[in-house]
Amino acid sequence: MLYLLLAIPLITAGICLCPLKVRYWEITNILGGLLTGLLALINIGSYFYCEGYGINQQHLVVDGLSSLFIFIIAVVGTICSIYTVGYLRRDIVRKEFKEKRTGKFYALLHLFIATMYLTVIADNLGVMWVAIEFTTIVSALLVGFSGHRDALEAAWKYIVICTIGIAFAMLGIILTYYAAQGIGAEEQLSLSWQFLYPRADSLSPSLMKLAFIFILVGYGTKAGLFPLHTWLPDAHSQAPSPVSALLSGVLLNCAIYSIIRFHQLTLVATGSNFSSQILIFFGLLSMVGAFPFILVQKDIKRLLAYSSVEHVGIIILGIGLGGTLGYTGALLHLINHALGKSTLFLCAGTIVQEYQTKLIYRLRGIGQMLPITATVFLAGLLAIGGAPPFGLFFSEMNVVSRGFQVYGFGLGFIFLMSVAMVFTGLIYFGGRMYFSDLPSRYRQQEPLAWNHFLIILPVFILILQGIYMPQPIQAVFTRVVISIMAGGGINV
Amino acid sequence: MITIMGSMFLITGLLILPVRMIKNNITLLALQSLFLSLIAFLLGSKLGFNGQIIFIGFLTLVVKVFVLPFILLRLAKQLKADKELHPNAGPVVSIVAGISLAVLTYDYVVPVMLQDITSGEELLAAAISTILFGCFYVVSRRSVLNQVIGVIMMENGLFLSALAITGGMPLIIELGIFFDILVGVLVMGAMIYKISDRFQTLDIKKLNRLRG
């Protein structure tokens with residue numbers, strides 16, 4: 001089943017590369033996206049409800065943590081791949097996109113999704129690295145797909161910065177491998193997560209500390225942690241919007257997933273909260289570092305990109321704080337942010353297409369021009385800002401209560417202040433775009449279309465989750481958090 | 001013998017830093033990769049004819065000594081990029097920086113920071129210096145073509161450090177990395193084409209429209 005999860009996107013990509021009619025490409029893309037998503041959900045379901053599923057496999061595994069990430073890729077990936085159809089059609093009508101290149105775009109999109117699945121289900125930490133490097137290569141092609149000057153510039157910076165960054169992560173993996181050899185691991189097994197994690201307490205602590213630093217620099221670049229985030233706003237703002245949604249909603253999470261894995265190893269190996277403290281520091285730094293850029297932003301998609309930097313900070317902070325509250329908050333926040341931010345990017349894409357500009361001060365009267373999309377966009381902004389009743393409010397609450405619990409007033413204060421600042425920034429820009437008057441040169445039009453359900457669905461899930469969390473889902477989260485802490489989650 | 005090869009690896013890396021002619025840079029890079037593959041062969045035969053390491057050395061020989069330099073040379077020829085015109089750091093600064101990076105690695109990084117590593121320290125020092133050289137090279141040059149050369153140099157350093165301290169990563173990962181770098185350089189090459197087409201230059205300073 002897990003192999004199918006990689007095979008179907010690859011086959012879809014293969015078919016899309018064949019010279020077909022555009023309509024067949026679109027059908028293949030939609031079918032492939034739906035099938036992959038469905039298969040992913042089946043896989044998660046069988047993990048949680050059939051005993052012993054996905055464990056003790058050779059190369060690909062599912063466990064509690066990775067199933068959450070598979071869920072995110074499934075939901076966001078499917079939504080984005082279907083939304084792309086409408087998006088590209090509008091671009092073709094505007095002559096910004098050549099019809100015959102759509103096949104290639106869909107192919108790259110599905111390749112991108114496949115590499116992300118590989119990242120989260122690979123058992124071997126080295127294979128995980130290779131998969132992440134491939135996500136960079138494929139998504140850089142998608143970022144620069146239009147071939148415009150700005151897009152090329154963004155794609156180039158992205159591929160160079162991330163390739164260099166991730167080279168440091170490889171150094172960390174080499175050190176981990178060396179540490180694993182120190183406990184007498186055989187070659188095939190020594191980077192296998194299933195083999196390594198139960199034996200992590202005998203890994204050399206000082207080597208693992210060093211390895212963790214390299215890993216954090218490498219994957220932190222990819223996740224967009226603050227001083228290393230420079231590629232992120234460029235790539236997110238220049239990519240076609242469905243790709244931005246995937247980058248922000250899923251790709252950042254894949255990097256965070258790798259950081260969590262190594263954090264777990266380091267926690268057990270060192271028996272101290274060394275790695276937690278580094279994560280807490282960088283988490284806070286990302287939050288504080290991002291908000292000035294949000295407050296003075298002129299470009300709608302860069303605004304969303306910097307907000308992603310802030311949310312990655314919150315997630316990393318939650319992981320670093322640990323404990324039931326910290327982990328629950330961080331994992332919930334991962335899912336909530338992925339849903340909220342991808343919706344926002346998809347909405348922003350439609351808005352930008354209609355207005356032909358990304359500059360916030362020129363996007364006036366979006367509420368009148370695109371009533372449905374703009375309303376979803378505003379709801380998404382409220383959600384991402386952390387307003388109740390959306391789920392993000394509660395996940396941020398979890399993280400910050402853990403912060404107050406562990407580090408007292410100082411950390412909580414910084415957290416709440418930066419969240420509040422970001423909220424004011426987002427709402428100010430959102431309000432200006434939504435409640436202003438429409439310049440008369442634009443026609444008013446927006447009939448309800450099937451595309452709208454794709455952006456309404458995630459917002460709906462966010463509201464639902466904020467109001468009422470069903471028992472089975474709570475049980476799943478408890479199980480995942482317990483499985484993370486079981487290996488020796490240190491209470492700070 | 002391995003130590004000599006290790007120092008040759010380091011010296012070719014150091015020599016790339018001040019050289020301005022892109023063609024010579026690529027040749028030096030190929031030479032460095034050649035030393036890397038020789039080190040792999042020597043290590044492989046030292047460890048009782050270890051087939052895996054020798055295979056890795058062979059792959060290095062094919063991919064990094066012939067294929068990648070060939071691609072880069074063709075690219076440089078087609079784009080008429082024969083010389084780095086305005087590097088951020090002149091030759092003297094480059095060579096001084098390179099030597100200080102090497103001294104830092106040999107005197108501090110390997111003996112102090114990496115003191116837990118007890119095998120292959122000398123090769124490791126050469127490897128880590130090369131990674132730093134690659135980093136420095138990427139920042140000190142302005143041509144996008146040179147940035148690719150820097151990235152490949154870093155990968156060379158990574159490979160040597162894997163060889164030095166662990167005797168090579170598991171085969172599947174090594175293959176993955178090779179495939180990765182091959183595809184990566186091809187993609188970067190394609191992007192360089194487009195960049196020179198759109199911008200009429202390979203100068204990274206001209207790619208400055210996105211900020212804030």
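The model is predicted. Its largest nonpolar core has 254 residues. In chain A, helix α9 is mostly covered, and chain A also makes a contact with chain B that takes 36 residues from chain A and 35 residues from chain B.

**The nonpolar core**

- Within the largest nonpolar core, the residues with the most contacts are I73(A), I121(A) and I256(A).
- Helix α6 of chain A, residues 149–182, gives the largest share of this core, with 24 residues.
- I256(A), setting aside its neighbours within four places in sequence, is in contact with A223(A), V312(A), I315(A), I316(A) and L334(A).

**Helix α9 of chain A**

**The contact between chains A and B**

- The contact draws 35 residues from chain B and 36 residues from chain A.
- On the side of chain B that touches chain A, the elements giving two or more residues are α5 (121–140), α6 (144–166) and α7 (171–199) of chain B.
- Helix α7(B) supplies the largest share of that side, 14 residues.
- The residues on that side of chain B comprise 24 nonpolar, 5 polar and 6 charged.

Technical notes. Residues numbered from 1 in each chain as written. Chains lettered and ligands numbered in written order. Predicted model: local features only at pLDDT ≥ 70, side-chain atom pairs only at ≥ 80, totals over all residues. Core = buried A, V, L, I, M, F, W, Y, C linked by C-beta atoms within 7 Å. Buried ≥ 20, exposed ≤ 12 C-beta atoms within 10 Å, placed from the backbone. Helix = DSSP H or I, 4+ residues; strand = E, 2+ residues; numbered from the N terminus. Contact = placed C-beta atoms within 7 Å. Nonpolar A, V, L, I, M, F, W, Y, C, P; charged D, E, K, R; others polar.
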